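Here are my notes on the aromatic rings of this model. Please read them next to the structure.

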Amino acid sequence: MHTRNFGIFLVVASALLSYCGSTYAKDVDWEALNPNLAGATFVEDSTKCATCHKAYVQTYTGTKHDRALGDGGCESCHGPMSKHLAAPRKERLETTISFGEGGLAPHEKASICLQCHKGSERTYWQGGAHEASDVTCNSCHYVMERRSDTSLTIKEDASGMCLTCHLEKQGQVLKSSHMPVREGKMDCSDCHNPHGSYGPKLLASATVNETCYQCHEEKRGPFLWEHAPVREDCSNCHEPHGSNNPGMLTNKGSFLCLSCHQYGGHPNLPRYNRVSSTVGQGCVNCHNRIHGSNHPSGSKLTR
Amino acid sequence: MKSMRYDVLKALALVLIALPLAVSAQAEDPAAPKGGEAESGAQSAVKSEVTVGAYYLDDDSYRFGKFTGLTDEGVEALVDFRIEKRPQWDSDDTIRWRIQGWRLGLDSRRLKFDFNQQGTQSFSADYREIPNNRFSDGLTPYRGVGSANLTLPSSWEVAPGSSDTRGFLTLDENLASLKIDTKRQRLDLSYDRKLGMGWSVNLDYRHETKKGERTLGSPFGSSGGNPRSVILPAPVDWTTDNIEAMFEWGTSRAQFGFGAYASFFSNDEISLTWQNAFGRQAQWDESVSYPDAQGRMALEPDNSYLQFKAYGGLNLGAATRITADAAFGQMEQDETLLPYTINPNLIVHTPVPRQELDAEIDTTMFNVRLTTQLARRLGIALNYRYDDRDNKTPRDVYPYIGGDSQDQRPFGDGRINLPYSYREQNGDAIATYRFGGNTRIKGGVEYSDYQREYSEVSDADEWAWVGGVKIGALEHASFSFDYRNASRDVTAYIGNTPLIESHLPGAVEEDEFENHPLLRKYFLTDRDREELRFRADFFPAPQFNAGLAVNYYEDDYGEGYFGLNEAKVRLVSVDLGWYPFENVALVGYYTREEYDSDQSSRSFAPGQDADPLRNWFAESNDDVDTWNLSLSFSDVGADHGWKGFDFGFDFTHSNTESEIVVTAVTLATKPLPDLRAKLRSVSAWATIDVGTRSSIRLALENSKLDSADFSLDNVAPDTLANVLVMAVSESAANYNLILVTGSFTYRF
């Protein structure tokens, strides 16, 4: 009975959403992207493209897109080709959709890929940080040739691809305290969704903490005694891309704690004029439950 | 409850494994040619690749192999493999699968299986081991390492009348070496299936264990100069199961999805118990000293998280899109609470108020985004975000016992737990106007509102304006510049709110405080933030490109208060790529990072809080220089019949110099030693094909780490009077070693 109801729900929901979509939307407007395509029609014969673009067609053949799109493959992304095929050779570039530099604006290029790749993890592409910075699909992916094992990325090393633009992170992942990105045990995409997200900083989860909890579930709690900045945002104290302080802390442990804790009579560096309170684990020599304590006597985060 | 939960999870995992296998068996049929056509096997070759070889390390280094497991001097096996079936391009077969293994001879091994029936379904199983080595030469007098009950050897002696580390008479002979490390073992299963009519389902499951040891500071006593602590090797024995199921529907015009995520964390050890190493401190109860007293701390409790979520996206015409999502979650934790103390001789007049905490945080998240092209050149993006964390954990009075050392505090002086809740709302509107040739300007405004409970700041808001320009119309260069200026304002900063809220009414005076009243916590208080990013790219010739990036961030927390006063980050990066010939590439980068922060405080005892002569200031400066240069040659000697001969060189150097300068008005200060971390790696590698099916790879790397950290290096266990630290020698971190890698790859 439940299966049947669920099936009815799927059918009704599909019909409703299809109606909404078809009422208000249409696929790529090729003429808007390139006015020279006005009146052009789809030829649906990729073999004609091979006449001039032999090398491209050769490497494209057998790729995922070739298999999925078949004879109309070229036109799926480059637009209707009738005018391109009929144009004199020197005018042919003007009668197609080119993904090279100086052609379409980045968001226009992306709109072509999004014909088929909307939804799921790309739901938030439009308006996302990468789109706003003029990154487009072919900044990271290449569909004309298989250059990597997964996702048609332009490089096998996905994180290396990110670091090409995010230069400052290259230095950070080399720091003495870092996540195992350069050792190949993590990718940038373990925490970030480069296709856009509803969280900050293109995070794959809704918040910084929810992202961290994907691997550090033990810190999720809730605890009896909470540490307010920990509950709110792990990056209040940690620099996840790498730091030269143990535990990827943003500052030397004791000084980080002293930014927010200045109790009267409590150990405090200049007062004691010695390095002792920073030795070992610093304040955490005693306040070991810094992420929260579940002990009835743990209000000072020492139990 | 727990066993049922795991039974359910196991059943789900089995279904997840069995489902695609069963379906894949069926899936072969439609793809198989009919009526005597060539068999799919003939069209879809299975290709295999096996790589065997060895790593040779000329020295031990626990640090070098921190995440790889390559730690010991000598030879380790290198075993990688890959077996793959891909359909021929003109085949009707839609199925491909791949089995891969990496680093099978090391502790960082990985095995992965991928199955994909294009356009129908896919499945993957990914097993990973991830070591995390901290150090191998720790020293501790405790026995029972690996368990949750640590004891001292029978020969442990404490000098009569001593209450600090100077009284440990038999410390040296009782120190035993130990390693501190953990290892994750993770299995990820994922299954995607197209259901037809635009629907699809995605199931993900992860099972992970993390085992090993970590360090935990473990004190007796809690205030008034009476704490004594030891750094203990505490056990890590954690298990996590995560599962996510999403149903999605989509066309090119509208998309919709809903599903659930569940996560269960389990800790095999509820607490850590240890024997007190110290002689009796005068403020402790008479029973609290070696050899009889024990301490006990709570370890991370079991917890769970369940979240339901849904999203949708709709294109309103070719130029407008609206997306929205909602997520409702619940974090729960119902571990049995420990007693106030493990010490039976201490007086406990009030029992723990509840058996289990029944902690709960409800999470609510909404997001809406509208993007539209008002004209071909003008686009606008509007965002709204609502994030609410409602902590419903019950509040009770806990008259605590200070570090298993004193009788229970009076009920009226007990602490009430503070289940912090917060709500954050963000909105922004950004407009972008595009000129021709990828040139654009953008600008907009952002607004954030923060509301918190039990906090020094209950309400804060932040306005920011952003602007940027990108010039991409030039033939051989492009430039971009982005600027953001934000100002956070709080309605009021009441520093003793947490102190008052954590006590019974009337127990704390209105003007009483723990932190100095002039302290402003940086994550809560007023802040002016400035961000600037500049990027220039040059590509004067097809063979050459260069880039320059400059980033500047400044947080200003205002004058006249203690805490973090100012933080600045300056980043400069230069990168280049030179490709003089088709088979030669020279790429490199240089980055300079400068992190500066200023903080201030007042060192005060009761009655001294108003004395500005007791102010002190700390300036922290981190300067990081990183160089990298890589030169590679490919297909060298192809004209002379050599095949697949590639070789290259790589140089990386990262140098960090850190200093913390402490000054004071009148108090005597003493400079802290500098902190240093220099990492240098030089490597050369070459590969060459041997015949048509095999190749050889050789790599040589010299890697050197030279770091200095005064808080860890050569710190004897009894350096501090009140803390027995876990000594780590400098050699634990530093290394200068050579890694030789040789491998043979055979393809068939």
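1. The count of aromatic pairs over all chains is 27. A pair here means rings of Phe, Tyr or Trp (its six-membered ring) with centres within 6.5 Å; planes under 30 degrees apart are stacked, over 60 edge-to-face, and the rest tilted. This is a predicted model: local features need pLDDT of at least 70, side-chain atom pairs count only at pLDDT 80 or more, and totals for chains, interfaces and linings use all residues. Residues are numbered from 1 along each chain as its sequence is written, chains are lettered from A and ligands numbered from 1 in the order in which they are written, and side-chain values use heavy atoms, without hydrogens and water.

2. Take Trp156(B) and Phe168(B). Their ring centres are 4.9 Å apart and their planes stand at 55 degrees, so the pair is tilted. Both residues lie in the loop between β6 (149–150) and α3 (171–174) of chain B, so the pair ties together parts 12 residues apart in sequence. Helices (H or I, at least four residues) and strands (E, at least two) are DSSP runs, numbered from the N terminus. Trp156(B) and Phe168(B) are both buried (buried is under 20% relative accessible area, exposed over 50%, partly exposed in between; 1.4 Å probe, protein chains only).

3. Tyr433(B) and Phe435(B) have ring centres 5.0 Å apart and planes at 75 degrees, so this pair is edge-to-face. Tyr433(B) is partly exposed at 33% relative accessibility. Phe435(B) is partly exposed at 41%.

4. Ring pairs also join Trp199(B), Phe247(B), Phe256(B) and Phe258(B) in a cluster.
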